[in-house]
Amino acid sequence: MYTASLYAAFASLLHNKNSELAGKRVILFSYGSGLTATMFSLRLHEGQHPFSLSNIATVMNIAGKLKSRHEFAPEKFVETMHLMEHRYGAKDFVTSKDCSLLSPGTYYLTEVDSKYRRFYAKKDGNCTGNENGSVVNGH
């Protein structure tokens with residue numbers, strides 16, 4: 001994660017400190033490789049359910065998501081990174097249809113065609129692509 005790490009850190013803050021955050025200001029700062037940076041602040045208020053800080057932390061279910069992670073050997077990580085390097089900027093390929101490790105409702109890349117169009121599917125409850133849920137370039 002790159003820019004997403006900012007929001008992962010914010011989610012961690014909500015998960016760990018939600019009962020202490022009402023009325024507090026949080027500053028979020030993200031920077032790139034010297035070209036740009038963004039900083040903004042949020043003032044957190046204890047809203048009414050379902051927008052209360054404690055309910056937001058509960059709905060995010062950070063602890064449950066961390067427990068559902070899958071452990072892989074370092075060799076599998078290296079193998080995956082080699083595949084990603086090979087496909088970076090590539091076209092005319094179809095990805096593995098194995099989505100058994102994805103949560104239901106997750107969108108995943110299925111193909112990049114000769115015109116660099118990206119095709120996605122949405123995982124249904126049966127660990128297969130949902131053809132009715134196929135989308136192209138987000139449409």
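From the N terminus on, the protein chain runs α-β-β-α-α-α-β-β-β-β, a total of four helices and six strands. Helices here are DSSP runs of H or I with at least four residues, strands are runs of E with at least two, and both are numbered from the N terminus. The model is predicted, so to read it: local features need pLDDT of at least 70, side-chain atom pairs count only at pLDDT 80 or more, and totals for chains, interfaces and linings use all residues. Residues are numbered from 1 along each chain as its sequence is written, and side-chain values use heavy atoms, without hydrogens and water.

Here are some values for the protein chain.

| Property | Value |
|---|---|
| Buried residues (under 20% relative accessible area, 1.4 Å probe, protein chains only) | 20% of 139 residues |
| Accessible surface (Shrake-Rupley method, 1.4 Å probe) | about 10600 Å² |
| Carbon and sulfur part of that surface | 57% |

Now to the hairpin. Strands β1 (residues 25–31) and β2 (residues 37–43) run antiparallel and are joined by seven bridges; two strands pair if DSSP finds at least two bridges between them. Ser 30 has Thr 38 in β2 as its bridge partner. Five residues lie between the strands, and Gly 34 takes a positive phi near 95° in this hairpin.

Ile 27, Phe 29, Tyr 31 and Met 39 make a nonpolar patch of about 500 Å², to which β1 gives the most, with three residues. Ile 27 lies in strand β1 and is exposed (over 50%), with a relative accessible area of 57%. In a regular strand, side chains alternate between the two faces of the sheet.

Methods: Patches are made of residues with over 30% relative accessible area and no salt bridge: like charges are joined within 9 Å, nonpolar side chains (Val, Leu, Ile, Met, Phe, Trp, Tyr) within 5 Å. A salt bridge is a side-chain nitrogen of Lys or Arg within 4 Å of a carboxyl oxygen of Asp or Glu.
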